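Hi everyone, thanks for making time. I'd like to walk you through one structure today, so please have a look at it with me.

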Amino acid sequence: MQITFDPIAKSRIDQVDFKQLSFGRSFADHMLVAEYADGAWQSVNIQPYGPLSYQPAMMSLHYGQAIFEGMKGYRSASGDVLVFRPEENLKRFNKSAHRMCMPEVPEEIFLGGLKKLLEIDKAWVPQEEGCSLYIRPFMFATDEYVGVTPSTTYKFIIFNCPVGSYYAKPLKVRVETQYIRSAKGGVGFAKNAGNYGGSLYPTQQAIQDGYDQIIWTDAATHQFVEEAGTMNLMFIVNGALVTAPTGDTILDGVTRKTVIQIAKDWGLDVQERPISVKELVEGIASGSVTEAFGAGTAAVIAPIQIIGFEGKDYELPARKDSDFSAKVFTEINQIRLGEVADTRNWVWKV
Ligand SMILES: Cc1ncc(COP(=O)(O)O)c(C=O)c1O
């Protein structure tokens, strides 16, 4: 499929201070816009990042047919632009699309379009240590229609944000036992916009009580931990890496998958199994649970220091450089930046 290109008249890159980047507030010059209608992708165009115009009756605004992805691009020491495992994001995107009755986006548009977009906006991939380019592909329903039914037209867009180093101070999280994120048969495994809208209120309550994030528990019993915010949860229990199995209630995280593979390659015992809140808090108290951390694209690895449950805070041991979470964080960063051999074929060079 031909990708057309309308260049920006004058780059905005001089207006951005790459030494002071925050997350998600600066946008690269161009975006990719693909249009779907009459049962097929009709056009793909790279154009200046900017406003789009829609009718108030645009269906995605009313009925929630909207999905997205998030991945990161890095600048290697030799100046190459490297993207970490984008094929995994494409697969997950199309799983989300299927669940939401939306068309799949073919590889030539998702990855082929991204390659072209990154070639054009290469200068926006930060060189500064710890910085990266956050890549946001998304798709939404565009029919002008009032009625709950799948739209017949869609837009797929990719825009990019240069982002600063994500300082992951150890988190204080609270186990949520009243509200739920997802239930069996629901859409928890999909990256659809509504999952995030629904998470805002309970998260806000936890923040008001002095926590950074919540730990979601299973909808049926509230006894088993699922995930947190935009991260999967992982624990070191008696020396083994333990994480909840993904199913239809948990997002199948690329970082989670990556950590599991590295742990297996390092010879660690990896257990994908339900982990109860009881096991967790008792294990923290007895010393069998030595590490807790979130794994996700934004922070990569976010260590957890305190877990609040039923009004009591359980504190994990202080983080050490020899911890699994610290070592795996370093390993993933080195792979992403092309600093160590990419033996697993995870790095996609633009
Ligand atoms: C709900 C949720 N869980 C987990 C993750 C971690 O997934 P990944 O490692 O692919 O970023 C994310 C982020 O995409 C998320 O939104």
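Let's begin with the shell around the ligand. By class, this shell has four nonpolar, seven polar and two charged residues. Here Ala, Val, Leu, Ile, Met, Phe, Trp, Tyr, Cys and Pro count as nonpolar, Asp, Glu, Lys and Arg as charged, and the others, Gly among them, as polar.

A word on the model itself: it is a predicted one, where local features need pLDDT of at least 70, side-chain atom pairs count only at pLDDT 80 or more, and totals for chains, interfaces and linings use all residues. Residues are numbered from 1 along each chain as its sequence is written.

Back to the ligand. There are 13 residues around it, and Gly253, Val254, Thr255, Gly296 and Thr297 come nearest; a residue is near if its C-beta atom, placed from the backbone, lies within 6 Å. Which elements supply at least two residues each of this shell? They are β12 (231–237), α5 (254–265) and β15 (289–296). With three residues, α5 gives the most. Helices (H or I, at least four residues) and strands (E, at least two) are DSSP runs, numbered from the N terminus.

Now the domains. The protein chain is assigned domain 1 (3–163) and domain 2 (171–336), with bounds from an automatic or database domain assignment. Their C-alpha centres lie 28 Å apart. The contact takes 19 residues from domain 1 and 11 residues from domain 2, counting two residues as in contact if their C-beta atoms, placed from the backbone, lie within 7 Å. On the side of domain 1 that touches domain 2, the largest share, six residues, comes from α2.
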